[in-house]
Amino acid sequence: MHALNDELLVKEKGFRQYSNLYYIRLLGLKTHVLNTAQKKWGSILESNAVDTVNKILDVKLGVTCCIVGTVYMEMRFKPNILDDVTKEHWAPPSPPRPKYCSADDNLFLEDESGRIKLVGDILKREIRVTGVIMAVLGKENTEGNFEVYDICVAGFPYQPSAPVITDDKYIALVSGINIGPNYSSALQLQLMTEYLTGELGNSFVQTLTSKIARMIIAGNSLQEIKVVEDEKKEKKYGYDSSSYNAQPLSDLDNLLNEICSELPVDLMPGGNDPVNTFLPQQPFISGLLPKACQNSTFQRVTNPYWCEIDGVVFFGTSGQTIDDIAKYVENEDRLKLAEQTLHWRHVAPTTPDTLWCHPFRDYDPFIMKQTPHVYFIGNQKEFATTIIKGPEQQCVRIILLPSFAETGNIVLVNLKNLDCHTVSFSSTF
Amino acid sequence: SMSITGKTPHAVYCICGITNEDRHAVLLVPKEELEETKQKYKTLTSIHIYSMEEHRPKDGSALVITDYKPTTDESALVITDCKSTTDESALVITDCKPTTDESAHMIIDHKPTTDESTLVITDNKSNSMEIDQEQSPQLLSKKQALPCGKRKVSKKRIYQDAKGFKVSEDTYEWESFSEGECDPRQTGINVKIKPERSSIKNSVNKRGKRKGDDSSQKSLLNFFGKI
């Protein structure tokens, strides 16, 4: 786990082109994809009619072959830097579109030598997202497009066996606390804190909550800061520091400090938090949460985050990865999208195309090297969960966490059997 | 149960359980809505009083603020635990019956301290706590009318009393600037911890000047010895 988390920490300050990231992603996943393709199309590949072509440019007309490459979606509505540059300066920027997909999207398969356009009805049934490494079986037609007969992706990675745990032991997952200048969930947060620290409920409830072993906060602990232009104030040059409100951060600090006195807490950053926006998001700076950081039970971690508790592997993100993938497809079944990332063996294939990320040079930390037992995604619209089985007896519990500020729900996962349920905090005031 | 003002205090209950829709929920309800909310629950795991106050709180923020904003008003004797005070909690609680079937605890302030007994526990067995509220405002007004130059200094003392309870007191002492004429007096004591300490009614009963005393601070133990 330590090695996996270590890869997510950005250690270098330099910036470079992103082409390297695509190249190492292809290198990293190509062998796995080919292995899976071998298993899937073994009989077809062995027959003489089919070649496995190493470079896309080597594809010959009319010959059935299998090629591996990176998917690139050409979409009209995808934000394009070239469009931004060429359009009129005085036109106001159009609001960001919720979906990029449209009927006339084109799919290309690309590798280090070149790209080729893919056509075929089978493509319409697949979830098509830029950045996925896949193998396609088909042949080139006279128009220069590649007709696809079948598709294969890398598949689930190896999963270490789940340990046998005899007693109930729970992990609490929360996301989207969203503390801001006028947040209304203060009472719910207080109830949650008291529930977790065992101050609420009778002895039966307290025995239950004493079994909660850890809490993982999956992002968006602070509300998005909206700068309000005040016309009456004099325009000051530079940054007007009196407009900064330190109260939310201090409230969060107090909240975490209280919970940390009883439970180990892992804090992941999210899209609204004061950390870098590009993935992988780095941990909160300790100076922002002075009181909480004094506790040895408090850990500031990256987004995404790998975690192992008693042999059970947890992996989660604060939601930006799945939210971005959802913009590429029409359907909104987020559980399906999360499952698909496991099939692709890549957490965030849309980086760096539409999701900002750091230009890694030597490795792609978003490639999943092992299948987690619990895969959680924060800041989703509502709670949803399912168990997914992989081809080699891998078993994953996928959990979508709702925002606490909106729903007042936290999720408790039982390590013994991976059951999970929500607990909601509310009041009738 | 009675409060100093003669009205029945209002209570907010906390219900934990599984609702009819099969969801675990923790819910705060004011006492008026308790019965009807109970109907919505399939399994009730626990019901207990979450907080007590004079009137029904307008909204949830009143319950949150009492936890974080200590009052500086001396005339209201307050029962505090480590964090919070609230005006409404200056109640006389005599022999409250347990109000629910399931829980015999009554938690005045929803943050019981880490000591074994919670802040105010009155069940049918233990003695009730009395707080002598009436006297304090009058005494204070007497003192404040005194002409000496005084300043208020807060001192904290932690000691073990005869019964083995650890008592920590924040005492506000008036110290005089001038020499000799005015004596240190105690105006208000916030006593942390516990039940069955009749000394809670102690504190504010200092009456008038002590004549002929020197202005050196008396030991606090002497003070308690007089009760």
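1. Pro304(A) sits in a loop of chain A, between strand S10 (298–300) and strand S11 (305–309). Helices (H or I, at least four residues) and strands (E, at least two) are DSSP runs, numbered from the N terminus. The peptide bond that joins Asn303(A) to Pro304(A) is cis, with omega near 0°. Pro352(A) belongs to the loop between helix H10 (334–344) and strand S13 (374–380) of chain A. As background, most peptide bonds are trans, and most residues other than glycine have a negative phi.

2. The model is predicted: local features need pLDDT of at least 70, side-chain atom pairs count only at pLDDT 80 or more, and totals for chains, interfaces and linings use all residues. Residues are numbered from 1 along each chain as its sequence is written, chains are lettered from A and ligands numbered from 1 in the order in which they are written, and side-chain values use heavy atoms, with hydrogens and water left out.

3. Asn178(A) has a positive phi of about 50° and is found in the loop between strand S7 (170–174) and helix H5 (186–196) of chain A. Asn178(A) is buried, with a relative accessible area of 14%. Asp22(B) has a phi near 65°, lies in the loop between strand S1 (10–19) and strand S2 (24–30) of chain B, and is exposed, with a relative accessible area of 52%. Here buried means under 20% relative accessible area, exposed over 50%, and partly exposed in between (1.4 Å probe, protein chains only).

4. Helix H5(A) is mostly covered, as 11 of its 11 residues are buried; among them are Gln190(A), Glu194(A) and Tyr195(A). Just after H5(A), Gly198(A) takes a positive phi of about 80°.

5. Chain A is divided into domain 1 (13–152) and domain 2 (170–224 + 245–424), with bounds from an automatic or database domain assignment. The centres of these domains, taken over C-alpha atoms, are 32 Å apart. In domain 1 of chain A, 29 residues are in contact with 32 residues of domain 2 of chain A, contact meaning heavy atoms within 4.5 Å. The area buried between the two domains is about 2700 Å², of which carbon and sulfur atoms give 63%; buried area is the accessible area (1.4 Å probe) that two parts lose on being put together, summed over both.

6. Between domain 1 and domain 2 of chain A there are 3 salt bridges, each a side-chain nitrogen of Lys or Arg within 4 Å of a carboxyl oxygen of Asp or Glu. Arg25(A) forms a salt bridge with Asp364(A), the closest N and O atoms being 2.9 Å apart. On the side of domain 1 of chain A that touches domain 2 of chain A, H2(A) gives the largest share, 9 residues.

7. Chain A has 23 residues in contact with 27 residues of chain B. The two chains bury about 2200 Å² between them, 58% of it on carbon and sulfur atoms. Gln190(A), Thr428(A) and Phe429(A) supply 29% of the area that chain A buries against chain B, more than any other three residues. Across this interface of chain A and chain B the rule finds 0 salt bridges. The elements that give two or more residues to the side of chain A that touches chain B are H5, helix H6 (203–210) and strand S17 (420–427) of chain A. S17(A) gives the most to that side, with 7 residues.
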